Amino acid sequence: MRKLLYGLSNALGLLGGVALVLMMLHVNLDVFGRFLLNSPVPGTLEIVSNYYMVAVVFLPLALVERQNAHISVELLSQHLPRGPRLWLIGFASLAAAVYFAAFTWQTWLDALAKLRIGEYIRGQILIVNWPSRFLLPVGCALITLLLLWKAWRLFRGDESVLEKPQEVVGTELEGTE
């Protein structure tokens with residue numbers, strides 16, 4: 001299960017990174033066209049806000065959770081003994097999984113509804129929007145599975161799921177540990 005979840009979270013994280021690079025290139029091309037050629041790229045705002053940004057935010061969710069890189073405040077849990085701390089974080093993971101499962105379900109229903117009507121956006125150009133709606137339930141479904149797996153591991157006493165990979169540890173601000 002670990003290999004599957006890690007592989008999928010890496011893949012979605014990579015897709016989110018690709019979307020970030022494409023967004024950067026698209027916006028730069030639009031700025032270049034607007035100011036140097038007096039001809040902006042049509043539909044940039046619509047594509048950036050409805051495709052790239054959605055992919056950048058929702059696809060890497062599981063990867064960020066897997067790396068324990070979400071913002072956390074440990075005022076209470078850092079002072080608890082190992083056992084209660086693992087249980088507390090396990091229950092918090094379960095609560096988050098319930099939230100993301102509900103969010104996955106609702107966004108899946110919304111995506112299907114938008115697919116049925118063939119949702120589009122009429123801006124500078126016509127942009128078909130319904131495909132981007134499926135990025136939300138995909139990203140949220142994976143973080144739901146990862147949180148359930150993480151809670152299960154914590155309830156079994158496996159603290160290793162709380163460790164931050166070395167590449168994440170090196171990016172933290174000094175004095176925040």
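**Close-up views of a predicted model**

**View 1. Helix H1, end to end.** Helix H1 takes in residues 2-36, 35 residues in total, and its first and last C-alpha atoms sit 50 Å apart, close to the 51 Å expected at 1.5 Å a residue. Keep in mind that this is a predicted model. Once you are past H1, look for Asn38, which comes just after the helix and takes a positive phi of about 55°.

**View 2. The buried side of the story in H1.** Quite a list of H1 residues is buried: Leu5, Tyr6, Ser9, Leu12, Gly13, Gly16, Ala19, Met23, His26, Asp30 and Gly33. In an α-helix there are 3.6 residues a turn, so residues three or four places apart point the same way. What covers these buried residues? Helix H2 (44-58), helix H3 (61-66) and helix H5 (135-155) are among the elements that do.

**View 3. Helix H5 and what follows.** Here we move on to H5, one of the helices that cover the buried residues of H1. H5 has 21 residues, and going from its first C-alpha to its last takes you 31 Å, close to the 30 Å expected at 1.5 Å a residue. Just after H5 comes Gly157, with a positive phi of about 90°.

**View 4. Asn129 in its loop.** Find the loop between strand S2 (126-128) and H5, and you have found Asn129. Is Asn129 buried or exposed? Its relative accessibility is 3%, and buried means under 20%, so Asn129 counts as buried. Leaving aside residues up to four places away in sequence, Asn129 touches Asn50, Tyr51, Glu119, Tyr120 and Ile121.

**View 5. Stepping back to the whole chain.** Six helices and two strands make up the elements of the chain, and from the N terminus on they run α-α-α-α-β-β-α-α. The radius of gyration is 20 Å, well over the 16 Å that the globule rule gives for 177 residues, so the chain is more spread out than a compact globule. Along its principal axes, the C-alpha trace spans about 65 × 40 × 30 Å. Of the contacts with a separation of 6 or more, 76% are between residues 24 or more positions apart.

**View 6. Surface and charge.** How much of the chain is buried? That share is 34% of the 177 residues. The chain exposes about 11200 Å², with carbon and sulfur atoms supplying 68% of that area. As for charge, there are 14 positive and 13 negative side chains, and the centres of the two sets lie 9 Å apart.

Conventions: Residues are numbered from 1 along each chain as its sequence is written. This is a predicted model: local features need pLDDT of at least 70, side-chain atom pairs count only at pLDDT 80 or more; totals for chains, interfaces and linings use all residues. Side-chain values use heavy atoms; hydrogens and water are left out. Helices (H or I, at least four residues) and strands (E, at least two) are DSSP runs, numbered from the N terminus. The radius of gyration is taken over C-alpha atoms; the globule rule is 2.2 Å times the number of residues to the power 0.38. Buried means under 20% relative accessible area, exposed over 50%, partly exposed in between (1.4 Å probe, protein chains only). Contact means heavy atoms within 4.5 Å. Accessible areas come from the Shrake-Rupley method with a 1.4 Å probe; for residues, only the protein chains shown count as cover. Lys and Arg count as positive and Asp and Glu as negative; His and the chain ends are not counted. The place of a charge is taken as NZ of Lys, CZ of Arg, CG of Asp or CD of Glu. The expected span of a helix is 1.5 Å times one less than its number of residues.
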